[in-house]
Structure formats: C-alpha cells, structure tokens
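Please look over the sequence and the model shown below before reading on.

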Amino acid sequence: MSELNIETIRHSAAHIMAAAVKELYKDVKFDIGPATDSGFYYDFDMEHKLTPEDLKEIEKRMKKMLSRKLDFTRFELSRAEAEEMLKKENQTFKLERLKD
C-alpha cells in the first residue's frame, strides 16, 4: 500500500465530513469538497443553517465513522451511470458539474 500524502488525507476528510452531514441532514445537496493548502472544505446547500452546536455534532459523527475503520474505495462510473446515481440522490449541483 502506498503512503498517504496530506492532500489525500484532507480529501478523504472532506468525504467523511460530507457523509456526517448527510446523516444529519437528509436534504443536503453537495457541490465540491476539495483539499486546500490548509485543510479542506465542502460546499453544500440545505434548509438548515448550521450553528456552532451543529459543527460539534458533525465532528462527533466524523469521529464515530473513523472509529469504525471503514475502507475507502475509489470507483469509476460511466457518465450515464454517474448521472443516474446523482439523479437518484437528487444531487443537482453534482449533476451540473457532471455536465461541465
């Protein structure tokens, strides 16, 4: 197994955060979530406006997910398969990105 670099770790952390947010807020719509020079972020949209207490709960969920030591699996889909998956999940921002 290759050694993980900081960009890979930050990218993975963004995905974990997105999964935690999805558990808490089913209606969330995701856009992009890249690694940055100082960490990571994820753009998303939802009805609920986040509070400092929400951020604590998101972090708690992220830690719980990490404690399960789940494997990360990268997979590729055809454009049509990706479109079908994103439509099913109502991820309109991701669908727009797919068109780009």
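The model is predicted: local features need pLDDT of at least 70, side-chain atom pairs count only at pLDDT 80 or more, and totals for chains, interfaces and linings use all residues. Residues are numbered from 1 along each chain as its sequence is written, and side-chain values use heavy atoms, with hydrogens and water left out.

**Overall build**

The chain contains 4 helices and 2 strands, where helices (H or I, at least four residues) and strands (E, at least two) are DSSP runs numbered from the N terminus. Their order from the N terminus is α-β-β-α-α-α. Along the principal axes, the C-alpha atoms occupy a box of roughly 40 × 35 × 25 Å.

Of the 100 residues, 24% count as buried; buried means under 20% relative accessible area, exposed over 50%, and partly exposed in between (1.4 Å probe, protein chains only). The chain exposes about 7900 Å², and carbon and sulfur atoms supply 53% of this area. Such areas come from the Shrake-Rupley method with a 1.4 Å probe; for residues, only the protein chains shown count as cover.

A contact means heavy atoms within 4.5 Å. Among contacts in the chain with a separation of 6 or more, residues 24 or more positions apart account for 55%.

There are 19 positive and 21 negative side chains, and the centres of the two sets lie 4 Å apart. Here Lys and Arg count as positive and Asp and Glu as negative, while His and the chain ends are not counted. The place of a charge is taken as NZ of Lys, CZ of Arg, CG of Asp or CD of Glu.

**The largest pocket**

The largest pocket has a volume of about 1700 Å³. Its lining comprises 37 residues, and those closest to the pocket centre are His 11, His 15, Phe 72, Thr 73 and Phe 75. Two or more lining residues come from each of α1 (6–24), α2 (52–67), α3 (79–88) and α4 (92–99). Helix α1 gives the most, with 10 residues.

A pocket is an open set of points on a 1 Å grid over the protein atoms alone, where a 1.4 Å probe fits, with protein on both sides within 12 Å along at least five of seven lines; lining residues have an atom within 4 Å of a point. Grid points are joined across faces, edges and corners, and the volume is the space filled by probe spheres set on the points.

**Individual residues**

Phe 30 belongs to strand β1 (residues 29–30) and is buried, at 9% relative accessibility. Leaving aside residues up to four places away in sequence, Phe 30 touches Ala 18, Lys 22, Tyr 42, Asp 43, Phe 44, Gln 91, Phe 93 and Lys 94. The C-alpha atoms of Phe 30 and Ala 18 are separated by 7.9 Å, with the two residues 12 apart along the chain.

Asp 54, in helix α2, is also buried, with a relative accessible area of 12%. Not counting residues up to four places away in sequence, Asp 54 touches Tyr 25, His 48 and Lys 49. Asp 54 and Asp 31 are 23 residues apart along the chain, and their C-alpha atoms are separated by 20 Å.
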